[in-house]
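Please view the sequence and the model first, and then follow the topics below.

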Amino acid sequence: MKKAYWTADEFAARREKVFDRIGSGVSAFLHGAGPVAGFELFRQTNDFYYLTGIEVPQSYLVMDGARRRSVLYVPNRDPHAANEGGGLGAEDADLLKGISGVDEVAGLSCLTDHLETAAKIFTPHSPSEGRLACQDTLRAAARSLAADPWSAGWSRDQRVREILAGYCPAAEIHDLSPILHDLRLIKSPRELEVMREAGAVCARAVAEAMRSTRPGVYEYQLGAVADYVYRMNDVRSEGYRPIIATAGNIWHAHYYQNHCLLEDGELVLMDYAPDIQNYTSDIGRMWPVNGRYDATQRELYGYIVEYHKTLLKYIRPGVIPRQILAEAAADMAIVIENTAFSKPIYEQAARRTLTFEGHLSHPVGMAVHDVGKYFDRPMEPGLVFALDPQMWIPEERLYVRVEDTVAVTENGVEALTSGAPLELREVEALIASRGLIQSFPMTLGDGVRELAFQ
């Protein structure tokens with residue numbers, strides 16, 4: 001039996017916060033994801049799931065601010081989906097109310113009647129995040145479509161807003177996205193519980209990939225190890241495409257081809273996390289293919305690990321990120337002064353890290369690059385973000401980073417992905433043990449693999 005992560009009270013409490021933000025007598029309207037094409041697994045959009053927990057395609061939510069009532073609109077049950085062992089519909093009103101805590105469930109035919117009298121409606125204007133998506137990737141895709149003269153350029157989001165305006169011509173339409181983004185930024189205790197599990201599974205997957213690393217293994221095979229861990233732990237999908245880079249591929253921060261061979265003397269960078277109940281994590285570790293960091297790798301990666309631990313020490317509620325960066329930079333300046341770098345360019349790169357403001361990188365939650373802005377406000381308990389100190393050495397095309405998903409607590413910080421070793425000696429000890437790839441080699445051979453990449 002699957003673990004129960006959510007209660008209807010959780011979703012109801014979130015909707016109450018929306019009512020408080022939009023004001024008395026104002027309505028909110030949200031649409032869920034459309035039907036999947038082909039054999040994709042359905043994943044609800046983040047905003048819709050955040051307020052309902054409902055995983056039914058083509059669902060809609062109307063929140064009546066005058067009565068503080070929420071109505072969920074869903075299609076009738078799909079016989080084809082029922083044949084596949086799933087597919088809830090309007091006939092399952094009691095079950096849907098039990099999941100979401102809404103006041104009423106109705107069929108789609110009732111939706112327009114209930115909207116016609118609304119005078120002011122808030123609806124999200126930001127792109128709807130679905131599977132393997134976040135706001136930055138969706139906006140990049142939208143820009144590409146807009147530049148394509150053969151593309152109509154319409155998204156489901158745009159089309160729904162156009163239809164909404166047509167049905168409610170007298171209503172003022174306002175953007176609900178800033179409100180939802182601000183609410184999603186600070187996680188509830190239940191959200192933190194889910195993200196704690198996502199972080200633990202993520203860290204276990206990366207640790208198992210470390211254990212399986214040897215010269216002659218392929219980047220994608222480390223991804224297969226992680227996928228095994230994910231599937232064995234009831235993970236429906238990954239949170240984003242895996243970044244598994246070795247040698248020169250590491251320079252490309254979001255490299256995803258993952259088809260290169262791991263070679264003796266090189267490092268591997270892995271950044272790959274699961275999606276658990278529409279919440280993900282974020283991680284970054286670098287380790288030696290042959291199991292031992294050489295002198296240069298130890299010098300550079302060791303410096304970033306030390307920076308990571310220093311930043312972690314200063315994260316706490318009530319301070320803005322720039323203060324944390326300044327406090328950590330003061331400590332790291334002493335580290336630099338006491339370090340005999342093997343090359344001047346390495347020392348210069350280390351000093352540049354002290355002025356880089358991206359080490360406290362981005363929110364993490366329902367999307368890996370989650371919504372909400374926190375850099376210019378005091379940190380609060382429940383804020384979850386990527387701690388990701390980074391260093392670039394362009395003269396040698398070297399990129400060094402180590403990343404954890406961390407949550408601000410009442411007294412400090414909790415690293416949700418700490419289960420993957422950070423200290424260099426611990427990493428080396430783990431790689432020395434036998435991994436899944438060595439225990440269960442199941443490849444078809446180099447000839448088949450070489451043919452696949454021709």
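The axes of helix α9 (residues 189–211) and helix α14 (residues 424–431) come within 7 Å of each other and cross at roughly 65 degrees. The model is a predicted one, in which local features need pLDDT of at least 70, side-chain atom pairs count only at pLDDT 80 or more, and totals for chains, interfaces and linings use all residues. Residues are numbered from 1 along each chain as its sequence is written, and side-chain values use heavy atoms, with hydrogens and water left out.

**Terms for helices and strands**

- Helices (H or I, at least four residues) and strands (E, at least two) are DSSP runs, numbered from the N terminus.
- Axes are lines fitted to C-alpha atoms, for helices over the stretch in contact, and angles run from 0 to 180 degrees between N-to-C directions.

**The crossing of α9 and α14**

- The crossing of α9 and α14 is right-handed; a crossing is given this name if the near helix is turned clockwise from the far one by less than a right angle, and is left-handed if anticlockwise.
- From α9, A207, M210 and R211 meet V427, L430 and I431 of α14, where contact means heavy atoms within 4.5 Å.
- The residues of this contact of α9 with α14 divide into five nonpolar, no polar and one charged. Ala, Val, Leu, Ile, Met, Phe, Trp, Tyr, Cys and Pro count as nonpolar, Asp, Glu, Lys and Arg as charged, and the others, Gly among them, as polar.

- Helix α11 (residues 295–314) has 20 residues and reaches 29 Å from its first C-alpha to its last, close to the expected 28 Å; the expected span is 1.5 Å times one less than the number of residues.
- Buried residues of α11 include L300, I304, H308 and L311; buried means under 20% relative accessible area, exposed over 50%, and partly exposed in between (1.4 Å probe, protein chains only).
- D294 caps the N-terminal end of α11, with a side-chain oxygen 3.1 Å from the backbone nitrogen of T296.
- Helix α10 (residues 219–232) has 14 residues that should span 20 Å, and its end C-alpha atoms are 21 Å apart, which agrees.
- Among the buried residues of α10 are L222, V225, A226 and V229.

**Buried residues and their partners**

- A349 lies in helix α13 (residues 344–353) and is buried, at a relative accessible area of 2%.
- Although A349 and L300 are 49 residues apart in sequence, their C-alpha atoms are 9.6 Å apart in space.
- Leaving aside neighbours within four places in sequence, A349 is in contact with M391, W392 and I393.
- D404, in strand β16 (residues 404–408), counts as buried at 2% relative accessibility.
- The side chain of D404 makes a polar contact with that of H308 at 3.2 Å. Such a contact is a pair of N or O atoms within 3.5 Å; within protein, one must be able to donate a hydrogen and the other to accept it, and residues adjacent in sequence count only if both atoms are side-chain atoms.
- S188, in the loop between α8 (177–185) and α9, is buried at 17%, and its side chain makes a polar contact with the side chain of E10 (2.6 Å).

**The loop between β8 and β9**

- A247 is found in the loop between β8 (243–246) and β9 (267–271) and has a positive phi of about 50 degrees although it is not a glycine.
- N258 lies in the loop between β8 and β9, and this non-glycine residue has a positive phi of about 60 degrees.
- A247 is partly exposed at 34% relative accessible area, whereas N258 is buried at 6%.
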